[in-house]
Amino acid sequence: MDMKAQLNLLHEPSRDEDSLYAIADDIAAWLPEEVEGYQCVLASYIPTLPPLVSMVLLSALTDAEVKLTRTELLQVIKQSLYAQDKRLAQAAAACLILCGSTVGKALLQEALQNHAPMPHARLVQGMFELLG
């Protein structure tokens with residue numbers, strides 16, 4: 001099954017968290033094989049996902065230590081820092097730090113220095129201090 005098909009499975013509302021993690025782990029495993037194409041696809045899919053699904057996907061990418069290089073994808077992940085969902089904001093911070101290299105860390109710092117309201121700024125700052 002290709003990555004787009006796997007991403008479409010994430011949109012099915014009947015998925016429990018364990019099955020979401022299984023799908024997300026498959027996506028994370030495929031990502032290094034063709035970095036540019038897959039990262040572009042992810043950048044367009046993540047904003048369409050519900051918060052729980054986004055959190056699971058970002059957590060799987062972080063757990064697999066996938067190296068993310070596409071600025072478009074890192075910008076989409078940065079937007080998740082502003083989520084109302086605490087777990088999503090935490091997963092986004094960890095993903096930027098551990099998968100985004102210096103660009104991801106710079107985007108996280110930029111978000112923390114920005115004066116836009118970040119519901120879980122203290123959590124994100126703590127993640128940066130712990131992992132960054």
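Tutor: Contact means that heavy atoms lie within 4.5 Å. This is a predicted model: local features need pLDDT of at least 70, side-chain atom pairs count only at pLDDT 80 or more, and totals for chains, interfaces and linings use all residues. Residues are numbered from 1 along each chain as its sequence is written, and side-chain values use heavy atoms, with hydrogens and water left out.

Our part is Ile97. Ile97 sits in helix H6, residues 86-99. Helices here are DSSP runs (H or I, at least four residues; strands are E, at least two), numbered from the N terminus. What does Ile97 touch, not counting residues up to four places away in sequence? The partners are Lys105, Leu108, Met127, Phe128, Leu131 and Gly132. Take Phe128. Along the chain, Phe128 is 31 residues from Ile97, and their C-alpha atoms are separated by 7.2 Å.

Is Ile97 buried or exposed? Ile97 is buried, because its relative accessible area is 4%. The cut-offs are under 20% for buried, over 50% for exposed, and partly exposed in between, using a 1.4 Å probe and protein chains only.

Now look at the helix contact that includes Ile97. H6 and H7 pack at an angle of about 145°, and their axes are 6 Å apart. The axes are lines fitted to C-alpha atoms, for helices over the stretch in contact, and angles run from 0 to 180 degrees between N-to-C directions. From H6 come Ala93, Leu96, Ile97 and Cys99; from H7 come Ser101, Gly104, Lys105 and Leu108. By class, this contact has five nonpolar, two polar and one charged residues. Nonpolar covers Ala, Val, Leu, Ile, Met, Phe, Trp, Tyr, Cys and Pro; charged covers Asp, Glu, Lys and Arg; the others, Gly among them, are polar.

Stay with H7 for a moment. Glu110 lies in H7, residues 101-113, and Lys78 in helix H5, residues 71-79, so the pair ties together parts 32 residues apart in sequence. The link is a salt bridge, with the closest N and O atoms 2.4 Å apart. That term needs a side-chain nitrogen of Lys or Arg within 4 Å of a carboxyl oxygen of Asp or Glu. Lys78 counts as buried because its relative accessibility is 7%. Glu110, at 43%, is partly exposed.

The model has four salt bridges by this rule. Among them is Glu12 with Arg15, at 2.9 Å from N to O. Glu12 is partly exposed at 34%, and Arg15 is partly exposed at 28%. Another is Arg70 with Glu72, at 3.0 Å.

Ser54 sits in helix H4, residues 51-63. Which residues does Ser54 contact, leaving aside neighbours within four places in sequence? They are Ile46, Leu49 and Leu88. Ser54 counts as buried, at 4%.

H1 (residues 3-10) and H2 (residues 17-30) pack at about 155°, with axes 10 Å apart. That makes H1 roughly antiparallel to H2. The cut-offs are under 35 degrees for roughly parallel, over 145 for roughly antiparallel, 65 to 115 for roughly perpendicular, and oblique for the rest. In this pair, Met3, Gln6, Leu7, Leu9 and Leu10 of H1 meet Leu20, Ile23, Asp26, Ile27 and Trp30 of H2. By class, that contact has eight nonpolar, one polar and one charged residues.
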